[in-house]
Amino acid sequence: MKNFAGRRAFVTGGSTGIGAAIVRQLAEVDAEVVFAAPESAAAHDLAAATGATLLVLDVTKIEAAMAAVTNSGPFDILVNNAGVDQHAFFTNTTIQEWRELICINLEAVLATTHAALPAMQQNGYGRIVNVASEAGRMGSRGGSVYAAAKGGVIAFTKSIARENGRKGITANVVNPGPVDTPLLQSAVAQGGEKLLAAMKNSTLLGRLGTADEVAASVVFLASEEAAFITGEVLGVSGGMAC
């Protein structure tokens, strides 16, 4: 249904989970995809399987992330998906952990957006889709700094939408709930089957989401079908925040 021929997309955190699904689905609709990920066999395998271009990049290196977007651009579509969570009560966290979480979950979003926007503004067209989390809307027991950073992504995206709507640029957020990804499985490894059951029960559908379900929402918001949607937060969470 959607065709992205002639559109260039930059995706962060593209090697596994939701990011890999986004890269695959954008490639399937003929977008030219560049994705940023740390060095890994999975990243190279994804590039080979999809024809997407891999940029080996640590997005927490803010200046390098900005340069990567500038030097490999211009881009019509920017998807900020890279992120990491922690699982500890706030009083058991450290300042260094706060900085690391805020850097990858929020500062990297600021950096890539700052680098991508000038060309979008000049061209009069852009689609920015930021992957946040329902934690940013609801809070997260045992993930307070992560929730704070994702809440920042939501507020930032709404602000970018306000600043750039008249320039032909839309900016939206996708908020996943519990999705079966390596990130979630790492949490389950720490919290056990009770945590997994609690995650499923937090949704109205009583199950985990899939990476492909989240990616489909991202691709929709990056498409022409979503041209009149901006500044919105789409929960892909099985009704978790209903």
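Analyst: The questions and answers that follow concern a predicted model.

User: Which strands stand at the edges of the sheet?

Analyst: The sheet is open and consists of 7 strands with parallel pairing, in the order S3-S2-S1-S4-S5-S6-S7. A strand at an edge has a single partner strand, so one side of it is left without a neighbour in the sheet. The strands in that position are S3 (53–56) and S7 (233–236).

User: How far apart are the end C-alpha atoms of helix H4?

Analyst: Helix H4 comprises 29 residues, 95–123. At 1.5 Å a residue, H4 should span 42 Å.

User: At which residue does H4 bend?

Analyst: After its end, H4 is followed by Gly124, which has a positive phi near 70 degrees. The bend in H4 amounts to about 45 degrees, and its location is Cys103.

User: Is Ser223 buried or exposed?

Analyst: Ser223 is found in the loop between helix H8 (211–221) and S7. Beyond its neighbours within four places in sequence, Ser223 is in contact with Lys2, Phe4 and Arg127. A polar atom of its side chain lies 2.5 Å from the backbone oxygen of Phe220. Its relative accessibility is 1%, so Ser223 counts as buried.

How values were computed: Residues numbered from 1 in each chain as written. Predicted model: local features only at pLDDT ≥ 70, side-chain atom pairs only at ≥ 80, totals over all residues. Heavy atoms only, no water. Pairing = 2+ DSSP bridges. Helix = DSSP H or I, 4+ residues; strand = E, 2+ residues; numbered from the N terminus. Expected span 1.5 Å × (residues − 1). Bend = angle between axes of the 7 residues up to and from the residue. Buried < 20%, exposed > 50% of the residue type's maximum accessible area, 1.4 Å probe, protein only. Polar contact = N/O pair within 3.5 Å; in protein donor to acceptor, adjacent residues only side chain to side chain. Contact = heavy atoms within 4.5 Å.
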